[in-house]
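Reader: I'm new to this. Could you walk me through a structure, one question at a time?

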Amino acid sequence: MTASDSRTLNAPARVGMHNKAYESQCAAEEDRHTPGSVSGRRRGRALFALALGTFAIGTGEFGSNGIIQLFAADMGASIPVATYAISAYAFGVMIGSPAITLLAARANRRTLLLGLIALFLVGNVLSALAPTLATLIIFRFITGSVQGAFFGAGAVVAAYVYGPGKGGKAFATVMGGLTVATVIGSPLGTFVGQHAGWRVMYWTVVGVGLLAGVALLAWLPRTDDLRGTSVARELGALRRLNVWLMVAVAALGISSIFAVYTFIGPFITDAARESRSLIPIALAVFGLGMAFGNYFGGRAADRYGSRPLIYGYGYVLVVLVAIGLAGSNILILLPALFGVGASMMFAIPTIQVRLTGFAPDAPTLMGALNLAALNLANSLGAIGGAVTLGLGWGTLSTVWAGLVLTAAGLFLYLTTVGRIRPTVTVA
């Protein structure tokens, strides 16, 4: 991947939440494969199919946060207990992302993607039919196991269809589906849930997933060039302490996103005492902040080393204090929601640059571990917020759980891997 391609990767405002996490994987796939002649129309269709898949997955993931009050009330559970369904999805990603990546290492990526979208559909159908919270928790775990492996396999296919030197640009386009999910899919899913019932939100995700499955079946290239390879070399990265320290930094630090995002509904209705109709707008504001932070965070990660991570973590601590002290004022809450999304996403590209730098020979597994770390953050943030709510500290108290976790992540980084120069820098 050339320097100009790296700049192109950061150019579109629609760059997806995790595109930087897989940029190095795209480059590795370009080196491994010699793409055939893929016409512009066929290329565009394949990329659209992958983007539609990531949009469906993202809408299901983030949409669940927006309907937590609805399924909690329907199933007679408190919001702290209902957050177990959110945490279960995150644990599904944490366990499923590396496990499926390794178990399916030799599978053709096209076949793997079709299998994963089928499992995604099954998980969401079961979620829509769940009779109890306990079964919903199980079904969300199953659904979450798809996510990391789908993104990783999608990187392989994107790099192949776009051709040498453009894999990062291709995957940035594909992962735009996830950013669109945070800005449009999640708020729309919440709106559907509020007006038609939370189960209909999952049925809507199933509908989008079916479209994605048909598109993948019809438009992904059939070629042996997309066959898998051995993962023995990548497994060696798991013996490196710096890799696990960086995973811990990500899991702790990014958790404040989810200590806020998971509870946006209660923030709006209980703390700010506004109508539920404002929840989709608040989710969209948060999503716009994430897109903004990712756009500038990608640029900063290439230019300024560790500073974007330090600045992102540091700034979110200030914003969390603002929400904790004055978030009951909607005029403060909405800009602060934008600030949380923007500051955390500003840090995430640097996390992956450093993680890949510690294991440049294992980009695929590092991408899976990065996504697993972010979903561990999802779980930690949701659980931390549930604990403060369970203690009776008030609706906005979840931000203090996020503040403690992010501060711990920042401290760990500054005292350990922040002092180490990575082997390579993703550029």
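Reader: How far does helix α6 reach from its first C-alpha to its last?
Author: This is a predicted model, where local features need pLDDT of at least 70, side-chain atom pairs count only at pLDDT 80 or more, and totals for chains, interfaces and linings use all residues. Residues are numbered from 1 along each chain as its sequence is written, and side-chain values use heavy atoms, leaving out hydrogens and water. Helices are DSSP runs of H or I with at least four residues, numbered from the N terminus, and the expected span is 1.5 Å times one less than the number of residues. With 21 residues (109-129), α6 is expected to span 30 Å, and its actual reach is close to that: 30 Å.

Reader: Which residue's side-chain oxygen reaches the backbone nitrogen of R110?
Author: Look at the start of α6. The two atoms there are within 2.9 Å, and the oxygen belongs to N108.

Reader: How many aromatic pairs does the structure hold?
Author: Rings of Phe, Tyr and Trp (its six-membered ring) pair if their centres lie within 6.5 Å. Some link up, with F62, Y261 and F286 forming a cluster. The structure's count of pairs is seven.

Key:
Phe/Tyr/Trp six-rings, centres within 6.5 Å; stacked < 30°, edge-to-face > 60°. Polar contact = N/O pair within 3.5 Å; in protein donor to acceptor, adjacent residues only side chain to side chain.
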